[in-house]
Amino acid sequence: MLERLNSLLAKIFLIIFIIGTGNLAYSEENKAEFLKNNWSFDGIFGTFDRASLQRGYQVYQEVCAGCHSVQHLSYRNLSEKGGPEFLPEEAKAIAAQFEVTDGPNEDGEMFTRPGRLSDKFVKPFPNVKAAAAANGGAYPPDMSVLAKARKGGADYIYSLLMGYEEAPAGYELDDGVYYNKYMPGNKIKMAEPISDGIVEYMDGTETTKAQISKDVTAFLVWAADPHLESRHRMGFKVFFFLIILLTMVYLSKQKVWSRFSSKREKEEEEAFDKAERAVTEYEGEDPKTFK
Amino acid sequence: MSEEKYVPKTKLAEWFDSRLPLLSLSHHLKSYPTPKNLNYWWTFGGILTFCLITQIVTGIILAMHYVAHTEHAFASIEHIMRDVNYGWLMRYVHSNGASMFFLAVYIHIFRGLYFGSYKAPREMIWIIGLAIYLLMMATAFMGYVLPWGQMSFWGATVITNLFSAIPLIGESVTNWLWGGFSVDNPTLNRFYSLHYLLPFLTFGLVILHIWSLHIPGNNNPVGIDVKKGSNETMPFHPYMVMKDLTALLAFLLLFFAFVFFLPDFLGHPDNYIPADPLITPAHIVPEWYLLPFYAILRAIPSKLGGVIFMFASIFVLVGLPWLDSSKVRSATFRPIYKKFFWVLVITVILLGYLGAKPPEGIYLILARIGTAYYFIHFLILLPLLGRYEKTDPLPMSISDPVLDKPGALDKFKEMAGKYEGENVGTFK
């Protein structure tokens with residue numbers, strides 16, 4: 001009875017499994033696999049490449065900042081540990097390039113002044129509606145947490161930047177809409193932003209499309225997760241500590257428990273032998289006489 | 001090792017304890033007799049207490065910096081993540097802590113199901129536990145709304161809309177919950193208020209849960225009553241304290257692997273997009289721990305029916321101590337129940353998987369089969385098994401030597417099988 005139940009259950013599961021997985025095979029949408037990169041910030045020891053972040057900031061500023069805000073970053077973040085680590089003077093100079101609206105002053109008037117380290121990154125548009133209106137109705141998303149807000153993270157952003165192609169023959173595209181291999185739905189309202197040589201790097205790094213895309217992607221990952229490095233470092237310390245503590249606690253536990261069991265072990269050993277002897281002796285006899 | 005009564009050693013202690021018996025209580029907690037055969041599945045109660053306290057402590061700190069307003073909530077979370085000292089740590093511990101809390105509670109519940117911990121005389125522990133679980137789900141759901149991302153907003157919209165399925169008063173109830181005519185600032189505010197309140201109610205219920213546990217004492221893997229005052233029990237401290245601590249530290253390895261190395265793995269990327277009432281995400285999905293119920297909700301063709309079945313799937317568990325009429329607690333001695341237990345586990349995991357998929361085609365069919373099995377398991381199979389299942393003979397006591405040696409239990413069952421029909425329990 002039990003065996004029949006076993007095989008019945010096994011059969012039912014086999015059937016469900018086959019239906020389930022068979023269906024998965026063709027229900028997955030035809031999505032292109034994201035391009036893979038060896039990001040320096042991947043993995044449990046991952047850190048950012050400072051030079052790449054600094055270049056990435058330059059790309060953001062020269063290419064993206066016209067439309068995309070990063071409203072949760074402050075200029076001081078640029079010189080903080082674990083980021084691009086510009087020198088404080090450099091970060092100050094960067095901040096001072098921007099006009100920040102402040103006020104009201106004593107006369108009740110708003111005024112503009114050069115940016116300071118404590119200011120948030122200046123937004124290209126005053127609000128979402130203005131941004132959408134200036135971009136054919138599509139709002140260029142704020143990029144502060146973009147790397148966390150998209151499936152695939154860094155790989156997605158990099159792939160998207162590299163994924164502009166001619167639309168396949170017969171593919172209908174409206175004006176101001178572009179074909180991108182990695183965009184969900186393949187239609188994107190942003191024109192291809194990165195091309196070879198679109199920026200000029202001060203440190204002499206080659207300015208291929210791939211290199212520029214890589215740098216700006218790294219910058220966006222940092223912007224979304226500015227404490228990534230200290231998180232990884234602390235995680236390593238926590239694990240180191242926990243493993244040692246766990247070992248010691250486990251050994252103490254064994255020691256404490258042995259106090260209890262050593263007392264019993266003898267008794268139980270004897271009881272087991274006794275029971276075994278009793279069974280062998282009386283096997284075949286009327287079990288009721290067991291004593 | 002039965003529990004000895006607390007004897008005050010000093011006059012002061014005696015004076016104090018006769019007025020407020022905290023010293024007696026602390027003595028009881030230390031000497032509380034626990035079966036010596038509790039395995040590591042029994043350590044999740046302690047782990048869960050740790051989880052609750054962690055959520056409360058990190059939550060209180062987050063509340064010092066969070067702003068419950070639709071215009072500022074998202075930005076205040078980013079402020080916590082970037083500018084507050086170790087704010088990222090508090091928030092990642094809190095958000096991953098919720099997942100770990102549910103992981104532990106599911107293990108705890110399934111442990112109870114496997115070893116029959118809900119059976120007499122422990123029904124009250126089980127029912128209070130279910131109330132805690134319900135509060136946990138409500139708290140987690142409202143907590144997920146607070147960052148005011150896309151999934152926050154749309155999850156809140158979907159779940160609160162369920163109440164509109166109630167006939168006649170549905171719409172008024174929904175508007176009352178929202179504090180308006182859609183999920184908006186008043187909704188966020190009240191969710192925040194309740195999200196702060198419910199954990200303290202949970203904490204109170206946890207005390208009742210433990211209190212009601214300390215009356216009959218722990219169940220154990222063999223599922224038979226232990227003889228109090230025998231060498232079958234050991235005092236909670238230091239034995240169980242050390243074992244619980246070992247398990248907790250091992251659990252923390254998993255917990256912190258998520259916090260430090262995969263902090264956003266269990267969340268949905270869309271919740272890093274600020275809420276926008278005008279843009280609906282392609283797939284609205286709850287957090288992973290609510291997915292099985294989401295699958296049941298969508299498996300039923302009518303909205304009201306779905307809501308009823310979803311709530312019924314939890315409330316059916318309240319009746320479990322009476323639906324499962326088998327006198328044998330532990331699945332170790334219930335060969336057929338054991339099989340169906342694992343079928344149930346797989347069904348719930350399958351439903352969780354299906355909850356994350358669109359409700360169409362084969363996913364919908366499987367979700368319906370899974371939902372049907374879930375209810376059949378509790379409402380039909382368990383009562384039938386209680387009546388017809390032939391259980392294996394039970395040992396006399398948990399210190400029966402046959403239980404300690406590898407393979408000895410099988411040998412015992414085999415020997416006992418020879419004397420079918422006899423009460424093997426009389427072996428001496």
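Start with chain B and select helix H3 (residues 44–63) and helix H5 (residues 87–115), whose axes come within 9 Å and cross at roughly 155°. Helices here are DSSP runs of H or I with at least four residues, strands are E runs of at least two, and both are numbered from the N terminus. The axes are lines fitted to C-alpha atoms, for helices over the stretch in contact, with angles from 0 to 180 degrees between N-to-C directions. H3(B) and H5(B) are therefore roughly antiparallel, a label for angles over 145 degrees.

This is a predicted model, in which local features need pLDDT of at least 70, side-chain atom pairs count only at pLDDT 80 or more, and totals for chains, interfaces and linings use all residues. Residues are numbered from 1 along each chain as its sequence is written, while chains are lettered from A and ligands numbered from 1 in the order written.

Next, select B:Tyr86, in the loop between helix H4 (73–82) and H5 of chain B; its phi is positive, near 55°. Move to B:Pro238 in helix H10 (residues 236–261) of chain B: the peptide bond from B:His237 is cis, with omega near 5°.

In chain A, select A:Pro104, in the loop between strand S1 (99–102) and strand S2 (111–114). The bond from A:Gly103 to A:Pro104 is also cis, with omega near 0°. Most peptide bonds are trans.

Finally, colour by pLDDT, the predictor's confidence in each residue from 0 to 100. Chain B averages 93.

Methods: Parallel < 35°, antiparallel > 145°, perpendicular 65-115°, else oblique.
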